[in-house]
Amino acid sequence: QVQVVESGGGLVQTGGSLRLSCAASGSTSSASYIGWFRQAPGKQREFVASITQSGSITYADSVKGRFTISRDNVKNAADLQMNSLKPGDTAAYYCDVYLNGRHNWGQGTQVTVSS
């Protein structure tokens with residue numbers, strides 16, 4: 001089974017930065033896709049950023065220019081560098097690793113941006 005673990009969340013002031021990490025284990029294959037999603041209380045989960053095995057990157061409009069996603073194809077790990085954080089970025093952040101024909105989700109890491 002594939003296990004996904006996120007880390008790096010915390011409390012930060014508006015304008016601050018955090019770096020989230022996503023690590024998948026339990027597979028020798030390379031993930032074809034790793035994505036970051038977030039969910040605030042009472043709201044639906046929304047897409048944040050993704051990166052494919054070939055390096056194709058997609059960002060949500062709300063984070064373009066502020067967030068940067070990167071990955072290690074061999075390690076099946078991905079980071080999300082978050083700069084210029086806003087209160088609207090407050091959410092639980094989840095990593096989605098597509099491996100072995102399945103979406104594998106982590107438990108999430110909380111990001112709270114104070115005003």
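The radius of gyration is taken here over C-alpha atoms, and the globule rule used for comparison is 2.2 Å times the number of residues to the power 0.38. With 115 residues, a compact globule would by that rule have a radius of gyration near 13 Å, and the protein has 13 Å, which agrees.

Before selecting anything, note that this is a predicted model, in which local features need pLDDT of at least 70 and side-chain atom pairs count only at pLDDT 80 or more, whereas totals for chains, interfaces and linings use all residues. Residues are numbered from 1 along each chain as its sequence is written, and side-chain values use heavy atoms, with hydrogens and water left out.

**Whole chain, as a cartoon.** The protein shows zero helices and eleven strands, where helices (H or I, at least four residues) and strands (E, at least two) are DSSP runs numbered from the N terminus. Along the principal axes, the C-alpha atoms fill a box of roughly 45 × 25 × 20 Å. Of the 115 residues, 42% count as buried; buried means under 20% relative accessible area, exposed over 50%, and partly exposed in between, with a 1.4 Å probe and protein chains only.

**Select Cys22 and Cys95.** These two residues are joined by a disulfide with an S to S distance of 1.9 Å, the term meaning a pair of cysteine sulfur atoms within 2.5 Å. Cys22 lies in strand β3 (residues 18-25) and Cys95 in strand β9 (residues 91-99), so the pair ties together parts that are 73 residues apart in sequence. The torsion about the S-S bond is about -80 degrees, so the disulfide is left-handed. Both Cys22 and Cys95 are buried, and the structure holds one disulfide.

**Select Asp89 and Arg66.** Their side chains meet in a salt bridge at 2.8 Å, N to O, a salt bridge being a side-chain nitrogen of Lys or Arg within 4 Å of a carboxyl oxygen of Asp or Glu. Asp89 sits in the loop between β8 (77-82) and β9, and Arg66 in the loop between β6 (57-59) and β7 (67-72), so that the pair links distant parts of the chain, 23 residues apart. Both of these residues are buried.

With all four residues displayed, you can trace a network of salt bridges linking Arg38, Glu46, Arg66 and Asp89.

**Finish at Lys64 and Asp61.** Here a salt bridge joins the two side chains at 3.0 Å, N to O, and Asp61 is exposed, with a relative accessible area of 65%.
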